[in-house]
Amino acid sequence: GHSEKTFLDKLRESHSSWFSDLRVEVYGGTGNAHPRRIQMRLEKYIEDGYVCYMQGDRDGKEKETFQKLIRQGVVNEDNVFEFKYDFETSVPPWLFLRVLQNMEHLEGVTEEDFEANIDGSESSGKLIEKYYGLDINPLKTEIADELGWVMSKTGFSWYQDEDKFMENTELGRFLDFVIRMGY
């Protein structure tokens, strides 16, 4: 989606070799998301020598599209990443709160309170609206951009921290998936 592309584009700005050659395409939009249209695009990329990877949300309509493309041999099952809910929910609550506060939202909310409410029981967007009255839908690309900035410019060594961010968070596993694309 657009949020994931924005996030990865911001990480590419960090000039990390992991992201420098990454080409991200968004297939979104009602007309473009048709399985046959996606299949044709992927087949063209494969013909041009690319290895294709796909990412989507498990709570969206992509699940069956992905399975069909895997069955047809257009994309390898190992080359598909599905978020449990969505990209925003993959962001650990402590990091999400930092991003939102950098954007001047939820400034009086404590990390402890936020983590208690944004507990992964459903999408973070629904929980943030429920507990804090903030609709993040119109802010998604701005959130993704700020997240990319926080992760690339603030000294947060997510790829080598002692809390094992890469293994213990869904966002870390997504980043690992993206990094593996380059190998």
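**Close-up views of a predicted model**

**View 1. A patch of negative charge on the surface.** The residues E111, E112, D113 and E115 come together on the surface as a negatively charged patch. The structure is a predicted model. E111 lies in helix α7, which covers residues 111–117. The relative accessible area of E111 is 45%, and this residue therefore counts as partly exposed, because that class lies between the buried limit of under 20% and the exposed limit of over 50%.

**View 2. The buried side of helix α6.** Helix α6 spans residues 93–102, and its buried residues are L95, F96, L97, V99 and L100. In an α-helix with 3.6 residues a turn, residues three or four places apart point the same way. The packing partners of the buried α6 residues are α5 (87–90), α7, α8 (124–132), α9 (140–153), α10 (165–168) and α11 (170–181). Helix α7, one of these partners, is also the helix in which E111 is found.

**View 3. The whole chain, for orientation.** The chain contains 11 helices and 2 strands. Starting at the N terminus, the order of elements is α-α-α-β-α-β-α-α-α-α-α-α-α. The chain has 183 residues, of which 42% count as buried. Among contacts in the chain with a separation of 6 or more, 63% join residues 24 or more positions apart. The chain has an accessible surface of about 10300 Å², and carbon and sulfur atoms account for 45% of this area.

How values were computed:
Residues numbered from 1 in each chain as written. Predicted model: local features only at pLDDT ≥ 70, side-chain atom pairs only at ≥ 80, totals over all residues. Heavy atoms only, no water. Patch = residues over 30% accessible without salt bridge, like charges linked within 9 Å, V, L, I, M, F, W, Y side chains within 5 Å. Areas by Shrake-Rupley, 256 points an atom, 1.4 Å probe, with all protein chains shown as cover. Salt bridge = Lys/Arg side-chain N within 4 Å of Asp/Glu carboxyl O. Lys, Arg positive; Asp, Glu negative; His and termini not counted. Charge placed at Lys NZ, Arg CZ, Asp CG, Glu CD. Helix = DSSP H or I, 4+ residues; strand = E, 2+ residues; numbered from the N terminus. Buried < 20%, exposed > 50% of the residue type's maximum accessible area, 1.4 Å probe, protein only. Contact = heavy atoms within 4.5 Å.
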